[in-house]
Structure formats: structure tokens, C-alpha cells
Amino acid sequence: MDLEASQISEDELDDELVGQKIGGVGITSSLYGAYKDRDPIILGAGLLTGTLFPASALGVISAKSPRTGGLTHSPFTLKAGMELKYTGFDYVVIVGKSKKPVFLWLHDGVADIQEASEFWGADVWNTTDAIRKSMGDDLIQTLVIGPAGERGSDLAQICVNYWASGDCWGFGKVFGEKNLKAVALRGMGLLEISDPEGFVDQCFEVLETIKGGAFAGKSGVEDILTAMGEKDAKEWIAPFVHRHSACYNTPYPTNTFVYLNENPKTLAEPTEQEPGFLINDVGALLTLKRAGLSAESACRVLKACAKYGIDPCAVAELSARSGQKDPDKIEQSFVDLKGTVSVPEGGKFSSWAPMQPLFADFGLSDESAYGDWWVRRQALAYLFGIHPIFANMAPELSEELMIEMFNKGTGLDLSQETLDQAIADVCL
Amino acid sequence: MVSGILVWQSIIYLIKQGIVTKPRRRIVMRIDVDALTCIGCMACEMACGYHRDDAFALLSSCIVVYRTREKKDYFGVVVKEEESLKIARPEGLEIKRIGVTEESSDSGQKKEADASAKPMLLREPCDLCSGMKYGPMCVKICPVNAISLVE
């Protein structure tokens, strides 16, 4: 999609490319190389995204990070990764800068560039509301920026619908520089696979195995924090927890919804239109907690970040450094918030997925092995389209299994050597 | 009264003699959803779509996670059955008879159907995955056992 020329062209996905690069970040990286001189931002789905394979929820955004200057990758989950797959486009290369604000509308095999001047200046929540209303479909998934991205902040984040995403690379700024307010996704497509019966049989078998896994009986960000050693996390946030929910086909509900303006125990549909917030960023919540914020204040900061379209991890880190604990003052600082924030060491993948095993030990003897393990585990998740946090809690999703699923799904023949090469290529 | 007793005695006699068989209770199986246990992952929806289309797709599923109130985190599951829409809400089960227009109890006005319900009415009703070796696929795929097959 050439925003400068307002032109769209389509290419068939080549089996040979899939055979070598697998999918997801393997192919977005390859496409990045092909369009590098036009400063592309690339959306992609993993090979298994949107199937019945457990945790096949992942979509990937690849671009040059305003924070590091190098090619990096961000995950997007909820239902947006799956929805991208069913739009009919596995990969979307966006180049150039539009003359005026636009959003991309991908649906049912059709790609449109649409005027977005009326949304420019709006926050993330109002933009998603406006796009859904204008299309008459509340199930549209959006990758969307707020004022932070429009103003060119290096801390700007591409959000998913109303919520944070795994974008810790400043990709919100890249959208803003292209005058791209959002990408709207909705698909009613059909995904055919090579050996459907064998594939589905295997999916059921895997699910049965992992249902009894180490994470059984756990849910939400608070149990993840507990697994990371934050023993009082559950008590801390419990007074606000409404429900837990999962990203597409993900057996563990990684998202915790808190009610801030309603009784969290309310079961019926609340009258309040915006009663709370969906917490899906473990790292940001942990940093705010450790900085001494109350659970309510931390949730209010995260909500403000999502509306403004700013990376909550960066905000949490900079606030902790300044000692600020007042959520209103933290929000007021967004406009000209600057500063160096930490990025994952040695990887191109987002630290949105905690850099350690969760619930299960993966046979790792000590913490010194976590770094290399995490990079390889994330590479695997980003290639195949597996939820990157779930990948850290389910050792049952092994590389051998992924190869088997690849072969059943595509009818091609993936070897361990090719997988090793694909992982090495995306980690370079 | 007397003739009624005689009729029943005659039937019991015929059953004992094996001349007629005992009338059997008709067992109806259906899908039951615990909306509070549901985590809204949509695996059931995709599994149902697979049963309908022999490929992965959502358009034909007769079980759907309704998720249009995203900012309120209000979600549940709708199942289209032969004669009704079963809506498993967090606060309880609601069954809407297809083709019956309801009136709002407080205003007397006709209830406007949720936009997301309209496509459901055009879909095939649940057949408990007839012909599939797995049984009802939504039951099998649910990672938190929120869906069950009940009598």
C-alpha cells in the first residue's frame, strides 16, 4: 500500500518463500528487506494464526524502530491477529507518506485507503469508536494511534482497539509520520489447509495435553505476576478485578479487566459506558506496582496511556525514575514525555512477553539461560503466530510439534535445519 | 375412571407379554454454556465453523462469542438452536424463541434485536456436529470446559 501515490497492489504469497521463511516475522523481515529504501511498516500473520492450533492469536508489526534505529518486531493479539488473517491478506506492506490523514480498511479481500482527517487529533478510544460506527460493525479490530503518534513521540504505541499492545518500539510514531491513523481489520474469509483432518486431530491432542499443564487453574495478569515472583500481586489488584479474558484461541486468559467506575462484581451489563480497563501489559503493571502506586492509580495510568497511545512500559519506567505516583500528574506529563527507556537485550522482539518461563520451568537450570531461551522461544512464536506470552508457559508447544503442524498445514516439508535457519535469520 | 384403569392395566399386560414395547422417554441433547467460566477466546466459534465449512472460517458458526460491548468487558456466548437462540450471559441464561417478537417489560415497546443477532438467524442451527468423529467440537475445543453437552 503506497500511501504517497494512494495506490494498492497485490501479490500472491510464494510457496517457496513460505518453505524457507515459514511465516510471521520470517516473511515480514524478508519483505522489509525488499522495501527497505521506502521506510516500510509491515503487518503480518503467523503461519498458524487464526487456526484451531492453541494460542494461534499472533499478528506481527515489523519496521525500523524510532528508538533503536534497527528492524524490530511487535506482537498484536486480542482478536486482531486472527482478524488480519481472515481479511484475505497475510502480509501488508505500507510505504510512503500520505498527503493527508488516512486509515487503511482491510476486509474480505479488499484493501482501501480511506480519509481520516475527521479522526486526526482524536484519542485511541474515540478513533476506534468512530471507525466502528462509520462502518456499522462493532467487531472491527483496529491498530490505531493516538495523540502521541501524531505528535511524533518516540514513546508512541500502536494500540489494539482500546488497549495496549506489545509495541515497545515506538511504531506509533512511524504510523504518525506516514499520516496513518489506523488500520481497520475485518474478515469473513476462509482458510484452507493441506491436511485438515490430520491438522485438527493434532490440535485436539495438543489441547488435551496442555489443558493439564502448569498454568491450569491460573488466570489473568495477576497470576503471571505471581509466577514472576510478585507474591502479593493478586491481593493488590483483587478489589478491582472484574473478569479475565483470552486472546483468540489462547487457553490461558492473559487479560485482566478491572472496573474502576463500577462494582467489579457486577455481572449484568453496566450502564457506565467506560467502566474500566483491560490490562494486558504485565511489565507496565509490575513497574507501576514496584514504584509504589496503588492498584487503582496504576490502572488509571494504564488507561490514560491507552487513550493517548503511549507505551505504558515506558511511562511506568520514566515515572518510577522520577518518583511520580499521582496518576493525574503522570497523565499530564505525556505531552512532552521524553527519556531513554530500556529495550530487550540482544533481541528484536518485544519485552511485552516476560523474559522468563512462566509456571513451567522448560528444563532451564538457572536464570543465566533465560536470555537465549527467550529469544529463540519468541522467534518461534513470531514465526508461527503463537501468543508470545503463552509460548512462555507451554513447553508442550515444542519446535518438533511446530514442524509437524507446518507440514500438515501447508503440505510442504519443513526440516529442523530450515527452522534453525529461519530463526537465525530473524534474530540477526 | 374405571375404564381408564382398565386401559392402563391392559397396556401393562401387553408390555409384560412383550406384545408392545414400553414407551421410551425422548432424550434430547443440547449444548450448555457457562458464561462466567468462558474466557471469550472464540475457539468454539472457529471449531463450529470448521464443522460447517471443512476449513477455518467464522461465517457459518452457530455458536458465537458476542463481544460487541468491548469497553464494558461484557461478553457471553450465543448458540443458535432449531427453534431458539440461547444467549448465555454472565448474569444468566436467556432463551429467545426465533420468530417471536418480544416487548420490553417496562416500556411496552418492541425490543430491537442486537445487530450481531441478525446474522445468527440466517445460520444453520446446532446439529451437535452430526457426522463428526469428535462429537460436538465446541465442547472438545473449549480450553476452560465452559461448554458441555447435557441431556
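Modeller: Begin with one pair of residues: the bridge partner of Phe257(A) in strand 12 of chain A is Leu278(A). This is a predicted model, in which local features need pLDDT of at least 70 and side-chain atom pairs count only at pLDDT 80 or more, while totals for chains, interfaces and linings use all residues. Residues are numbered from 1 along each chain as its sequence is written, and chains are lettered from A and ligands numbered from 1 in the order in which they are written.

Biologist: Over how many bridges do strand 11 and strand 12 of chain A pair, and in which sense?

Modeller: Strands of a sheet pair through backbone hydrogen bonds, either parallel or antiparallel. Strands (E, at least two residues) and helices (H or I, at least four) are DSSP runs, numbered from the N terminus, and two strands pair if DSSP finds at least two bridges between them. Here strand 11 (residues 255-259) and strand 12 of chain A are joined by four bridges in the antiparallel sense.

Biologist: What is the order of strands in this open sheet of chain A?

Modeller: The order is 10-11-12, three strands with antiparallel pairing. Strand 10 (241-245) and strand 12 (276-279) of chain A each have a single partner strand, so these two stand at the edges and one side of each lacks a neighbour in the sheet. From one strand to the next the twist averages 20°.

Biologist: What lies across strand 10, strand 11 and strand 12 of chain A?

Modeller: Helix 8 (residues 220-227) of chain A does, running at about 120° to strand 11 of chain A. Such angles run from 0 to 180 degrees between N-to-C directions, with axes fitted to C-alpha atoms, for helices over the stretch in contact.

Biologist: Now the contact between the chains. How many residues of chain A are in contact with chain B?

Modeller: Two residues are in contact if their C-beta atoms, placed from the backbone, lie within 7 Å. By that rule 38 residues of chain A are in contact with 28 residues of chain B. On the chain A side, helix 7 (196-211), strand 10 and strand 12 each supply at least two residues, and helix 7 of chain A gives the most, with five. That side has 20 nonpolar, eleven polar and seven charged residues; Ala, Val, Leu, Ile, Met, Phe, Trp, Tyr, Cys and Pro count as nonpolar, Asp, Glu, Lys and Arg as charged, and the others, Gly among them, as polar.

Biologist: What does Lys211(A) touch?

Modeller: Lys211(A) lies in helix 7 of chain A. Not counting residues up to four places away in sequence, Lys211(A) touches Ala216(A), Pro251(A) and Pro143(B).

Biologist: Why is Lys211(A) called partly exposed?

Modeller: A residue is buried if 20 or more other C-beta atoms, placed from the backbone, lie within 10 Å of its own, exposed if 12 or fewer, and partly exposed in between. Lys211(A) has 16 such atoms within 10 Å, so it is partly exposed.

Biologist: How many residues of helix 2 of chain B are buried?

Modeller: Nine of the eleven residues of helix 2 (residues 43-53) of chain B are, so this helix is largely enclosed by the rest of the structure. Among the nine are Cys44(B), Ala47(B) and Cys48(B). The buried residues of helix 2 of chain B pack against helix 7 of chain A, as well as strand 2 (63-69), helix 4 (137-141) and strand 6 (147-150) of chain B. Just after helix 2 of chain B, Asp54(B) has a positive phi of about 55°.

Biologist: Which residues touch the most other members of the largest nonpolar core?

Modeller: In soluble globular proteins, nonpolar side chains tend to be buried together. A nonpolar core is a set of buried Ala, Val, Leu, Ile, Met, Phe, Trp, Tyr and Cys residues joined through C-beta atoms within 7 Å. The largest one has 182 residues, and Leu302(A) and Cys138(B) touch the most other members. Helix 11 (residues 295-308) of chain A provides its largest share, nine residues. The residues that Cys138(B) touches, beyond four places in sequence, include Ile31(B), Cys44(B) and Ile147(B).

Biologist: Which strand of chain B is hardly covered?

Modeller: Strand 5 (residues 92-97) of chain B: the count of buried residues among its six is zero. Six bridges join this strand to strand 4 (residues 84-89) of chain B, and the two run antiparallel. They form a hairpin with two residues between them, and Arg89(B) has Gly92(B) as its bridge partner.
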